[in-house]
Amino acid sequence: MNDPNSVDGAAEQADADVGRPRRRKRLRRLLLVGGCLTLVALAYIELTLRRPIGSGPAGPKVAREAFDEPWSSRQFKLLGIGDSVTAGLGAKSPAHSYFQRMLRNPEDEFAGMQGICLSRVLPNIEAENLAVSGSTSPMHWERVQRLPTHTVETFGIVVLTTGGNDLIHSYGRSPAREGAMYGATLDQAEPWIKNFAARLDRMLDRIDESFPGGCEMFLANIYDPTDGVGDAPSIFLPPWPDGLAIHARYNAIIQDAAERRSNVTLVPMYEAFLGHGSHCRQFWREPYDSSDPHYWYFSNIEDPNDRGYDAIRRLFLNAVVARRDALPSGGSTE
């Protein structure tokens, strides 16, 4: 053992005294770096990976005064056509799909939406939902071709979501093809895009023909789970360089089809869902919704969750209210 009173012992003690502050300084640096890395990791998780769905109502307000008095005693039919969005996959119960919530309020309806539904203002309304989960626009055309001719006394309120599965299927797991074009280049998709435009026109014309007593159609455009960024890996899918461009072409076709028909209204599902996809927590992005920075998609990515369906129900109801003057009133055909 070194004698601290010896020359060597004193030198060692001096080295130890000098080394302690260095070690403490080094430890503080390590702790600081570790803390910074922890904060960076937590921020990455919060802003990139964590996608809370929130609670309570979602989407735009619907004017209660529009539902204070009956609109008409005529016979109406609410008809649903399309894919899983209209079928209701992802809602917590069938009563919480946007289609059913348009028709009547579920038992646990939000206080602010009680009585805001079509059955309140159209007492003689029946409903039929022909939408099928996983279906594509070619399948929708096949179904629309088989629509019966309704009686002249029946006025149609038709809600339609189509084209979304054409884009996202088969998630890049197989070569791109019409009806399942994920991963296609824009050049490759061009003929399929043109076919979609022609097919949508035929669908809308055939729906119109099936209601000789008249109808109003409400056609939704296609939302984007990447919030307009186009980074498919953020929704756990393979990169798709031309995905946004193809998506935009589909939505342009939907908008054009609605604009060319006086009885077709565009329902802006794409715009409403921006800021509620994979980047919902990223406050620096333009679509960020500070009033509701939450995720509106179901676990399968391509369908809404329950709050998303609440928002869609409100979008469709607002579209119907905007066209209320086009609906027949009274108790006989007019």
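Asp227 counts as buried in this predicted model, at 5% relative accessibility; buried here stands for under 20% relative accessible area, exposed for over 50% and partly exposed for what lies in between, with a 1.4 Å probe and protein chains only. The backbone of Asp227 also deserves a glance, as its phi is near 60 degrees, a positive value in a residue other than glycine. Asp227 sits in the loop between β4 (215–220) and α8 (243–259), where helices (H or I, at least four residues) and strands (E, at least two) are DSSP runs numbered from the N terminus.

Phe236 is found in the loop between β4 and α8. Its phi, near 65 degrees, is likewise positive in a residue other than glycine. Phe236, however, counts as exposed, at 63% relative accessibility.

A cis peptide bond, with omega about -5 degrees, joins His169 and Ser170. Ser170 belongs to the loop between α6 (164–168) and α7 (186–209).

Helix α7 has 24 residues and reaches 34 Å from its first C-alpha to its last, close to the expected 34 Å, the expected span being 1.5 Å times one less than the number of residues. At Trp192, α7 bends by about 25 degrees, the bend being the angle between axes fitted to the seven residues ending there and the seven starting there. Trp192 is also among the buried residues of α7, which include Ile193, Phe196, Arg199 and Arg206.

Residues are numbered from 1 along each chain as its sequence is written, and side-chain values use heavy atoms, leaving out hydrogens and water. As the model is predicted, local features need pLDDT of at least 70 and side-chain atom pairs count only at pLDDT 80 or more, while totals for chains, interfaces and linings use all residues.
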